[in-house]
Amino acid sequence: MADPVLRSNFEPGTTRWAVRRAQWLAMGIAEEDFDKPKIAIVNSSSKLSVCYAHLDDVARQVEKAIRAAGGVPFEIRTVAPSDFVTSAGKQGRYLMPTRDLLVNDVEVQVEGAELDGMILLASCDKTTPGQLMACARLNIPALILPCGYQLGGECGGRHVDIEEVYKAVGTVKAGRMTLIELEDMTRHAIKGPGVCAGLATANTMQCMAEALGMALPHSAPIRAGGPRLAEQADKAGAKIVELVNKNLRPRDILTPAAFRNAVTVAVAMGGSVNCVRHLIATSIEAECAVDVLAEFERAADVDQLTLVRPNGPHRIEDLDAAGGCAGVMRQLRARLDLSVLTVTGATLEANLAEVPQPDEAFIRPASNPFRREPGLIVIRGNLAPEGAVVKLSAVPEAVRRFVGVARVFEDENEAIAGLQDGTVRAGDVIVLRMMGAKGGPGTVFAASFMAALVGAGLGDTVAVVTDGELSGLNSGITIGQVMPEAAEGGPLAVVRNGDMVEIDLTRRVLAFDVTDDELAARLAAFVPPVLDLKPGWLSMYRQLVQPMSQGAVLGERRRPGVHK
């Protein structure tokens with residue numbers, strides 16, 4: 001094979017060639033390396049969060065592998081959002097915007113330097129989708145390296161992890177646990193680096209990277225700091241040089257069929273509710289002619305093959321040991337398009353031929369699922385004409401229809417206070433609104449109220465409908481990503497205290513009891529709130545962010561065959 005034409009090899013004698021040569025010689029880069037493939041290692045390392053604590057070690061290992069394969073590695077750093085740390089400021093408003101900040105960060109550094117390929121070290125909730133979006137946008141040879149989950153510990157004779165801590169806040173507020181007990185749980189809940197245990201957004205999106213074909217087989221879920229992650233880092237470092245030499249690019253992989261495959265896997269696993277918006281955003285960045293929301297609706301006949309917390313009793317390490325995402329895809333072979341290309345350079349069919357039979361105690365065959373219903377669904381109605389997303393796998397099985405009285409809050413802290421003082425009662429439908437991407441701006445945390453509700457023992461008897469930010473760890477009767485959001489003039493904006501709200505998960509309906517004429521009158525009278533925003537990132541984000549039905553990407557886009 002002839003040597004590839006590398007865009008990073010500038011014409012000798014030009015200004016770009018001369019100044020780069022001087023810079024790199026001063027850094028100790030050997031002259032014989034100047035013509036080799038130049039690979040970015042995109043590292044979101046941070047000392048703020050345990051999610052990222054191990055990434056520098058992973059980056060060093062990937063560097064060695066790239067060098068051994070004949071490439072030259074360049075580590076670059078990006079923003080590192082943590083859903084449990086950088087959610088503290090402005091009620092989590094910075095979380096969603098950091099996804100898109102990361103996309104642009106990667107573009108500036110990789111495109112600005114005209115590097116030839118990139119490996120992206122995936123960790124907490126917003127990094128993996130942001131990295132997938134960057135791969136799709138830049139369309140240079142790239143692959144995602146999922147960097148794994150943390151382990152929980154033991155406290156009071158039982159297993160505890162971050163999910164238990166999250167729910168226990170509500171248990172304390174309800175007087176069913178002492179603050180001292182919660183404090184002790186925090187000492188034992190996390191044992192080692194990595195993302196939250198459980199099938200929350202981080203582990204879901206790492207699995208989605210593999211399901212899309214953008215991560216190597218057996219990449220997710222994977223234990224952070226474990227020997228298998230070290231093996232994957234070595235493989236990824238060698239593979240990215242091969243991808244550059246073959247000029248295999250993300251848009252060769254991110255096809256409509258690949259997105260359909262990922263949706264099928266997400267539904268079968270009961271992945272995070274947030275994967276819907278992130279897959280939409282990735283498809284938009286790829287300029288791919290696929291309607292992801294419609295694909296989720298078409299996948300309504302896909303049954304649940306796993307029961308990983310918060311969906312059931314199994315832990316993320318059980319899924320890992322049983323075969324992981326690759327094992328799930330093997331069980332779903334009859335439902336997947338096996339002709340799609342992946343970052344291995346081979347088709348999904350060829351990859352799955354190498355995957356052993358998974359442990360069916362944790363990954364059931366499609367003929368014998370754990371539950372004969374999808375793990376994720378889209379519902380519609382006069383409260384969500386463009387759809388809303390439900391993690392059906394985390395809703396109590398006994399609750400498939402819920403009718404209750406609306407109780408409206410536009411601040412999560414007020415809702416939590418209502419939980420403490422008895423304002424929130426069994427039978428209510430709590431509406432948390434003005435918390436969407438534009439209304440926040442940046443989706444405001446609604447996840448803590450839901451966790452507190454479950455911890456207070458009301459997860460089976462109080463429903464939550466929101467346009468705010470949910471966690472993949474949330475369980476209970478939760479309706480998220482209501483579209484259009486309230487700040488855009490969606491019907492959620494005009495729900496009133498006392499309105500009757502119907503949630504029918506079997507019929508896929510979310511509606512409130514007003515006539516069409518009454519709804520039209522309320523919407524005509526609605527005046528969006530005026531936000532007094534200081535100049536800064538959130539102000540800029542609000543000006544640029546698109547509707548959630550378009551993945552909340554920044555700036556108007558057109559997709560062939562999907563949106564005009």
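## Basis of the description

Helices, taken as H or I runs of at least four residues, and strands, taken as E runs of at least two, are DSSP runs numbered from the N terminus. The model described here is predicted.

## The largest cavity

Six cavities of 30 Å³ or more are present in the structure. The largest cavity has a volume of about 120 Å³. Its lining is made up of 14 residues, and those nearest the centre of the largest cavity are Glu210, Pro217, Met329, Leu348 and Asn351. Two or more lining residues come from each of helix 7 (201-211), helix 14 (324-331) and helix 15 (348-352).

Helix 15 supplies the largest share of this lining, with three residues. By class, the lining of the largest cavity comprises ten nonpolar residues, three polar residues and one charged residue.

## The second largest cavity

Four of the residues lining the second largest cavity are nonpolar, seven are polar and one is charged.

## Cis peptide bonds

Most peptide bonds are trans, and most residues other than glycine have a negative phi. Two cis bonds are described here, beginning with the bond between Ala220 and Pro221, where omega is about -15 degrees. Pro221 belongs to the loop that runs between helix 7 and helix 8 (227-246). Helix 7 also contributes two or more residues to the lining of the largest cavity.

A cis peptide bond also links Met483 to Pro484, with omega at about -5 degrees. Pro484 is placed in the loop between strand 12 (477-483) and strand 13 (500-504).

## Positive phi at residues other than glycine

Asn247, which is not a glycine, has a positive phi near 55 degrees. This residue lies in the loop between helix 8 and helix 9 (250-253).

Gln481 counts as buried because its relative accessibility is 3%, and buried means under 20% relative accessible area.

How values were computed
Residues are numbered from 1 along each chain as its sequence is written. This is a predicted model: local features need pLDDT of at least 70, side-chain atom pairs count only at pLDDT 80 or more; totals for chains, interfaces and linings use all residues. Side-chain values use heavy atoms; hydrogens and water are left out. On a 1 Å grid over the protein atoms alone, a cavity is a set of points where a 1.4 Å probe fits but cannot get out, and a pocket is an open set with protein on both sides within 12 Å along at least five of seven lines; lining residues have an atom within 4 Å of a point. Grid points are joined across faces, edges and corners, and a volume is the space filled by probe spheres set on the points. Ala, Val, Leu, Ile, Met, Phe, Trp, Tyr, Cys and Pro count as nonpolar, Asp, Glu, Lys and Arg as charged, and the others, Gly among them, as polar. Buried means under 20% relative accessible area, exposed over 50%, partly exposed in between (1.4 Å probe, protein chains only).
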